[in-house]
Amino acid sequence: MLPTLWYCLGSTPLLSSCVKAILTSVLFIMQLLKATVLKWEKNQFLSENQMMYSNLIMGKKVKKEAEPPPKDVFDPLTIESKKAATVVLMLNSPEEEILAKACEAIYRFALKGEENKATLLELGAVEPLTKLLTHEDKIVRRNATMIFGILASNNDVKKLLRELDVMNSVIAQLAPEEEVVIHEFASLCLANMSAEYTSKVQILEHGGLEPLVRLLASPDPDVKKNSVECIYNLTQDFQCRAALQELNAIPPILDLLKSEYPVIQLLALKTLGIITNDKEARTTLRDNQGVDHLIKILETKELNDLHIEALSVIANCLEDMDTLVLIQQTGGLKKLLSFAENSTIPDIQKNAAKAITKAAYDPENRKLFHEQEVEKCLVALLGSENDGTKIAASQAISAMCENTGSKEFFNNQGIPQLILLLKSDSEEVREAASLALANLTTCHPANAKAVAEADGVDPLVNILSSRRDGAVANAATVLANVAMQEPLRAGLQSHGVSSALLGPLRSANTVVQSKAALTVAATACDVEARTELRNSGGLEPLVELLRSKHDEVRRHASWAVMVCANDELTAVELCKLGALDILEEVNLSVSRKNKFSEAAYNKLLNNNLSLKYSLTGYLSSSDIISDGFYDYGRINPGTKLLPLKDLCLQEPSDQRAVLLVNSKSSDVSPPPSTEDKSSDVGYGRSISSSSSFRRASKEKTKKNSYHFSTGFGSPTEEKSEPPSGRNTALSKGTTKERGSRKGRGKKEEEKVKEEEEVSTLPKLMGEGSPEKEWYPPFDPDFRVYVYEVTKSIFPITNIKEQIEVLARYVAEKMGGKMSKEKLHNFSWELHISELKFQLKSNVVPIGQIKKGIFYHRALLFKALADKIGIGCSLVRGEYGRAWNEVQLMNESRKGLIGALPPPEVYIVDLMFHPGGLMKLRSREADLYRYL
C-alpha cells in the first residue's frame, strides 16, 4: 500500500518536500518492524520445538499451558452456496444450524414459483425434508413445515407425499404446544393435500379432523383460513360430515361468519352449504341461531359477494320443516322472497329459486310456500333475462306443481310464459320449461287445455327433435297429457305429432322411449292418427320397443300396440313386423310379462283368429270368423304358425288336414251350385277350386281382387253385431227384434245378389299382367251354404229356432245324423284323404267336406252362425272333439219382480241329435264333449 501511496505522492508536484521526507521515514520504520517480528516468530518456533524434543528424550513431563485442537476436528468454515443442489445435500447434515439455514434457503427458493418446486422435487429434496418434520430442534422442524406448506401445492409433490405417508407427521404439527407459524404452514399443507380423495382418507384415519376443528378458534387468521379450507375439502365425503357432527364443528364455523376477512366467511359458508345437507346438521344450525346469521348476511348490502353462498345454505335449511316454520314466523321467508324478486343480480335470483325448489319437495313446505304466494315470485323470475334464472324458476314451478293450489294458480299465470320459453335458443331453458309443463298438465285437464289454447303444441312438437333427451321426454309427456282429452286430441294430428314421434321411438334413452310409446298410446286412439303412424313408418320402432329389457318401456310399448291394434289394417301390419311373436315370447316370461303385454297379445290375436284358435282352442261369440280363416289344429305356445300360403304350397302328407273357410272368389265365374263337384278337381300349386278358376286367377287384377295378407283372413264385409247384442237372446223374439232381423236379412240378400251380379261380369282387365297375386283357395260350396242359410234361416225371428235349424243344416251337409255305436264305421278319414289327394294339398275347404265329425261340424256351424249374426263360441276339445256353445234366456225362471235371470249356456248337438241343446256341464253335454 505504501509504495502505491509513494507513487501517487511522487506524481503530485504540489506536495512539499517536507511531506515527502516524513513519509520516507515512516516507510523505513515499518520495514524495520516487520523484519523484527519475523525474526522473533522464527526464534520462538525453534525454541518450542527444541524444548519438546528435549523433554521427549529426557522423559520429563511438562505442564501444557494451552492444548491444541484434536487432529480429527475440522476448523469452522463459512461458505456461500449459489446452487440449490448444494443446499439439498446439506439437508443430510447432522448439524442443526446447517439444517436450519438450509431449510430457510430452500423455503425462500420454493416461494419464487412452481418451477422451483419442480426443481426441488427432481433434486430429491422431499424425502430428507420429511425426516426433518420430526426433528428435535424446533427451528429445524418449523422451517421444514414451512417448506411443505409451500411445496404441497404441487401435484407431483402431493403424490410423492402420499407415497411417503407423511400425513401423521404433518398432523402432529397441529398440536397445541406448537408455534402459530407451524400451525399456519401445517394446516396449509393439509389444505393443499385434502383436495385429493386418498389424502382425505389419510387425514381422517390419522385423526386430523379434531385438531383442524380446534384451530378454527385460533387467533391467527391464516390458521383459520387454512383450517376451514381443509375442512371444506374434507366435507365432500359423507363420513367426514358425520365426524364433524360428533365434534360439534358447526358453532366454530358459524363464528367464522363474523370474521373481518371475506375469504374466511366465504369458506365457512361453502362448508355450511355442504354439511347442512344432513338433517342433524340443519338442526344444530337452527339451535345455534345460524339462520339469523344467514338472514343478516342477506340484509347487508356490503356482503353481496356472500349472498349466493348464503342462499345455498338457506336452501338446505328450508328442507327442514321446523326451520322453514321458524323462518316464516320471524318474517324471514317474506324477506327471502322479496329479496329474490327484487334483486338485480342473476346468480342471487337463481339461487333463491333453487332454495325454493329444494324446500318444495316436502308437501308441508309446498303448502307453506303456497300460503306465502311464492308462485308470484316464480312467475316474475320467468321473465328474467338470465337463462340460469329462467331454468331455476322453471324447476321450482315443477316442484310446486305437486300442490293442487299451485297448479291452479299457474293455469292463468305461468303457462303462457313457459310456452314462450319453449321457443328459447337455449336447449337447457327449453328442457326446464317442458319439465314444468309436463308436471303442470299431469292429471290436470284444465292445464292441458290451457297449453293447447296458448299454441303450445307446435313448439312441443319441435322439441321432439331436440338433442337433449330430457327435453324430448318432457315434451312427449305434455303431448300425451293433452291427447288424453278427446276434443284436444283431434287437433294434434294437424301438427304432425305421429310423424314427429319417429325419432323419440328410435332413441337409445329408455326414458325417451317410454314417454314416446306412452304418447303413441294416447294419440293413436283415432283412426287418422293410426293411419299417419302406419304410413310414416312408426310401427316398426314401436314393435322393436317390445323387446326392451326396461319394464316401463315394454309396458308402454305394449299399451301402444294394444291401442293401435284396434285398427285392422294396423293390426295386420303389426303382425307382419313380428309384434305377435314378440309378445308371445314376452308373455312366456314371468318376469317380463305385464297386463298390457297380455292385453296387446289378445288384441292382436283377435285380428288373427286362425292363430288364436290354434293357440287357445277357443273363439268367443265376439270373435267373428271371416273369409281366409283356417284351422291348423292345436299348436304349443312358442310354435310359429305357418301362413296359409305356405301351407297351401306344401305337398299332401299324413298330417291333419287344414280346414279353410273362404267364400270369396278371385275370379268372375258364375256362382257354383250345390250340384257342382268342385272337389273332383284339384287346385294343387295354383290354389284354385277348378281348372277354369286356375285360368281366371292368372288374369285377375289388383283392382277387382281381394288380397289376403299372409297368415290372415281378409276383412269381412258384413258388419257383425256387438257382443252385447249377440250373446243373449230371448227364446221368443220381440217385435223390435223381428223387425231388425228382417232388415238384416234384406241386406244380406242384396249383398249376395250383388256378388252374383259381379261374378257374371266379363273380365276386361288384367290380361297379360306380369304380377301374379296369390289368393286363398275358393270354396264354392261354402259360398252356397252362406247364401242358403242367409235366405232360409236368417229371417227366423226366434234365436233358439235359428240355432236348431242351423244345427240340422250343418249336420245334413256333413254326413247327417250319426249314432254313437256306428261312429267308428263313419269313414270320414278316408274322405278327407281323398280330398287332400284330389286337391294336392293339406288345405281342405270346409265346404268340400261331406263327411265330417265333431271338429268339422263345429267349425262350419261357427262360420255360418257368424255370417247370419247368431252368437256362438267354438271350443276345441281332445281327440278330435269340438263343440259350439250358445247362450239363451230361460223365461220360465223369470223372477217375481220381472227381472230376467242371467242367460244359460248350452252345447249344440251336431252329431247324434242335430239341433238338440244340452245344458253346459250336464251329463249328456259331458258325454258329447269328452270320450
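This is a predicted model: local features need pLDDT of at least 70, side-chain atom pairs count only at pLDDT 80 or more; totals for chains, interfaces and linings use all residues.
A residue is called buried when its relative accessible area is under 20%.

Let's begin with the whole chain. It contains 51 helices and 8 strands. If we take its contacts with a separation of 6 or more, 70% of them are between residues 24 or more positions apart. The chain exposes about 46600 Å², and carbon and sulfur atoms supply 53% of that area.

Now for a helix and its surroundings. Helix H41 spans residues 595-605, and Ser597, Ala600, Tyr601, Leu604 and Leu605 are buried in it. These residues lie on the same side of H41, because they cover an arc of only 140 degrees around the axis. What covers them? The cover over the buried residues of H41 includes helix H38 (551-564), helix H39 (568-576), helix H40 (579-588) and helix H42 (609-616).

From here we can move on to the strands.

E1 is joined to E5 by 2 bridges, and the two run antiparallel. Here Tyr618 has Val875 in E5 as its bridge partner. The next step, from E5 to E6, is made by 4 bridges, again between strands that run antiparallel. Across this pair, Leu874 stands opposite Asn884 in E6. Further along, strand E7 (residues 904-908) is joined to E8 by 3 bridges, and these strands also run antiparallel. In this pairing, Val908 stands opposite Leu917 of E8.

Tyr879 is a residue other than glycine. With a relative accessible area of 70%, Tyr879 is exposed.

Elsewhere in the chain, Asn248 is another residue to look at: its phi is about 55 degrees, a positive value, although it is not a glycine. Where does Asn248 lie? Asn248 is in the loop between helix H14 (238-246) and helix H15 (250-255). Its relative accessibility is 44%, so Asn248 counts as partly exposed.

There is another open sheet to visit. It has 3 strands in the order E2-E3-E4, and its pairing is mixed. Strand E2 (629-631) and strand E4 (843-845) are the edge strands, each pairing on one side only. On average, neighbouring strands of this sheet are turned by 30 degrees against each other, direction ignored. E2 pairs with strand E3 (residues 658-661) in the antiparallel sense, over 3 bridges. Within that pair, Asp631 has Leu659 in E3 as its bridge partner.

Our last stop is the cysteines. A disulfide is a covalent bond between the sulfur atoms of two cysteines. How many disulfides does the structure hold? The structure holds 0 disulfides. Take Cys189: the closest cysteine sulfur to its own is in Cys230, at 9.4 Å, which is too far for a bond. Cys189 also counts as buried, because its relative accessibility is 2%. Cys872 is buried too, with a relative accessible area of 1%.

Key: Residues are numbered from 1 along each chain as its sequence is written. Side-chain values use heavy atoms; hydrogens and water are left out. A disulfide is a pair of cysteine sulfur atoms within 2.5 Å. Buried means under 20% relative accessible area, exposed over 50%, partly exposed in between (1.4 Å probe, protein chains only). Contact means heavy atoms within 4.5 Å. Accessible areas come from the Shrake-Rupley method with a 1.4 Å probe; for residues, only the protein chains shown count as cover. Two strands pair if DSSP finds at least two bridges between them. The arc is that of the directions from the helix axis to the C-beta atoms. Axes are lines fitted to C-alpha atoms, for helices over the stretch in contact, and angles run from 0 to 180 degrees between N-to-C directions.
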